[in-house]
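The structure is shown first.

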Amino acid sequence: MKVMKFGGSSVGSAENIEKVIEIVGKSIADETCVVVLSAMQGTTDALIEVGKMAEKGDDGFRSKIKEIEHKHFTAVFALIPESSRDMVCDFIENRINELKNICEGVYLLRELSARTLDRIVSLGEILSTKIVAAKFSSLGVVNIWKDSRQLIRTDSNYGFAAVDFEKTNQTVRDYFKLSDAKLFILPGFIAADAEGVTTTLGRGGSDYTGAILAAALDAEVLEIWTDVSGMMTADPRIVKNIRQIPHITYREAMELSHFGAKVIYPPTIQPVLQKNIPIFIKNTFAPDDYGTLVESEVTDEKEIIRGITSIDKISVLSLEGSGMVGIPGFSKRLFDALSRAAINVILITQSSSEHSICVAIEEKFDKLAKEVVDREFEFEIAVGKIEPLQVENGLSILALVGDNMKNHTGISGKMFAALGAQGVNIRAIAQGSSERNISAIIDSRDVRKAVNSLHEEFFSDGNRQLNLYVVGVGTVGSRLLAQIRQQTEYIAEHLRLNLRVVGLANSKQMIVNEEGIELDEWKKLVTAKPTAETRSFYAKLQAVQTLADTVIEKNLRNSIFVDITANAEVAELYPQLLEKSISVVACNKVAASDSFDKYRNLKDLAREYSTNFLFETNVGAGLPIITTLNDLTRSGDRINRIEGVLSGTLNFVFNNYDGSRSFASVVRQAQDEGYTEPDPRLDLNGTDVARKILILAREAGYQLEMADIENKGFLPESCLEGSVEEFYAEMEKNEDYFRELLEQARSQGQMLKYIASMDRGKAVVGLQSIDPAHNFANLSGKDNAVLFYTNRYADLPLVVKGAGAGADVTAAGVFADIIRAAKI
């Protein structure tokens, strides 16, 4: 014999009931089945609403009853042939009339007792089981419908009645002994007290009915049929790549269910647990799926963690004060006060100093809890021994569950490290001595990120999901997106990183899609006007702050903010992003070359919040200049002197200016080929180079400001004024000046290079004439080169050399920083 319980979704419509009929039909071919049914989906809530409306004097309860009646008759007409309907239709009509009469009485009295409400809500299960029984009869399948109220005895605690197992077990056994039928159908959730008055079994009551019957009958198995294929490693509404749990112990199932898993309710397990009867959780809508088998022991010991779950809408109560230290009884009084108010405590933690005790309760009881606890400790609060009860709302409990945790060290460490890396603050921690459960209280806004991070840590195949927000989709930004698109599969296979661009922004709007933006279509999306279907993805950038607000609000794990602009306002967002453990990859030089205090603050924030502030492309585009410098200093070397050609633009210009054409035309060519800023003066006046040597000096450990850099400019003052076109015209006018610089160098057998240098904290940038033997003499095109003179490389410098400008190499440098941010 087996007991099969079907939930509300399984009998929610005629179509779904047909599936139940098919599943049960196959089972009764092999063995006797006891089928327990919930009410049709939504019916119990509708019945409660009917009672509440009648109590308030709202005559709308009458139309609500008609809706319930229509729902059930619709199912009957769809399922049962006309020739077989009369009996079940009469039954439904009589029960609906009974409901109307009860509610009319409630309406007149304006009073709804718990006893009356139990009578009202019991109708749901009675109707659903009668319809299913009638369907089987219409198919010629012999079945017995039995009212559970005649079998299950409880006390008179209406709404959450306690079962009298001694009487119930005997009654159930005696009844089933008398019949050799193959199919019994019973309503779940309902029972009766010693006087025969209807009671209900509370939340999860239909599961409980199934467990009570299974235990009383020593059934081989209790099958719970629902709308999911068993228990999952996490909530599928939160985690996309969840796993189904094929086998789980009673203990683990109870822990997961207590901390939020909705498939089963903990008390329902108790009767079958005591009899060691396995529970099979199956999917009505995918009956061939294996589901989850819950039993006393699981032989597969490979999984350390069985699942991750959470409970929302939690309040944390903190009772503290020096008067608690060493004085027994405070905890008892706290729990007594909460118990008298019928407030359930979900989690408890207490400091070893006994100075404070912290408990978690449902948020809906927060005001009542404060009232009863402050009243209990009224004297101690008045004399200053303890503080008034502190209540924090907006919290959730996160739980890691698994029997095998007790056999493995470091699980707590991995859990807290994973949460810390995502900036998830832990308010309280609890772990039982069984080591089956580690619970932490966190901000509810962090639940999605926390659960996904832990699932990735404990259940993924080693892959990490990266969520990228790319700001600035011009030349470099578009090349970066093309490189990401090209390398996505390679990175997933070889680096085990799943790159997902979830946000893109230009100067006008931002588009965000948590599922990832299709990189084949990004240009259309960024430039398109929002439609009704896509409006939720768009945000107008009326203020740059919108960028940070959006990223922080989304609160996705492993978020990286990629700034490919030259915008100072965007750089101002970095601190608030880093404080949320969101990594920043900056092609933008503004932040690292701002005041030293701001630069130092960003570095400190990245360290404090275990995140990354990376800006390799600030100097030398894709060249590993800053990485090399950091490797030197981290390994104990000291940077004494730096020399560099740090502007690909200026190197291109002076490599190509040979007097055969004007200096202005060479600069224009550099701009046309994408080597310069939109305003080339930013490159030619030396400011950009000064920023770069400043950044290198700071990374080398020298505390410099921009004003400390000596900038020996070569452009005539007249070229620094007016528009870009006026700048070009003015350079043409000054062609003799530029030619003279060139000829003067040639006359000495030298060439022109724009060089930056830093010697023990003193930095200079400017145009220099160098001889052919110089390290920089052979730099061609747009190449950059940097020489590091250190304690280890004192005579012969360490040289980093290569292309220092261009969209592709700059994008590659940004890409490398993204990968670095993910791996650190």
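## Strand β13 and its partners

Strand β12 (residues 347–350) and β13 run antiparallel and are joined by four bridges; helices (H or I, at least four residues) and strands (E, at least two) are DSSP runs, numbered from the N terminus, and two strands pair if DSSP finds at least two bridges between them. Ile348 has Val359 as its bridge partner in β13. Strand β11 (residues 307–320) is also antiparallel to β13, with seven bridges between them, and Ser318 stands opposite Cys358.

Five of the seven residues of β13 (residues 356–362) are buried, so the strand is largely enclosed by the rest of the structure. Buried means under 20% relative accessible area, exposed over 50% and partly exposed in between, with a 1.4 Å probe and protein chains only.

## Basis of the model

The model is predicted: local features need pLDDT of at least 70 and side-chain atom pairs count only at pLDDT 80 or more, while totals for chains, interfaces and linings use all residues. Residues are numbered from 1 along each chain as its sequence is written, and side-chain values use heavy atoms, with hydrogens and water left out.

Lys2 has Val221 as its bridge partner in β7, and Trp225 stands opposite Lys282 in β9. Six of the six residues of β7 are buried. Val221, Glu223 and Trp225 point one way from β7, and Leu222, Ile224 and Thr226 point the other way. β9 (residues 279–283) and β10 (residues 292–295) are antiparallel, over three bridges, with Ile279 partnered by Val294.

## The second largest pocket

The second largest pocket has a volume of about 940 Å³. Of the 37 residues that line this pocket, Val476, Cys587, Lys589, Thr676 and Glu677 are the closest to its centre. On a 1 Å grid over the protein atoms alone, a pocket is an open set of points with protein on both sides within 12 Å along at least five of seven lines, where a 1.4 Å probe fits, and lining residues have an atom within 4 Å of a point; a volume is the space filled by probe spheres set on the points.

α25 gives the most to the lining, with four residues.
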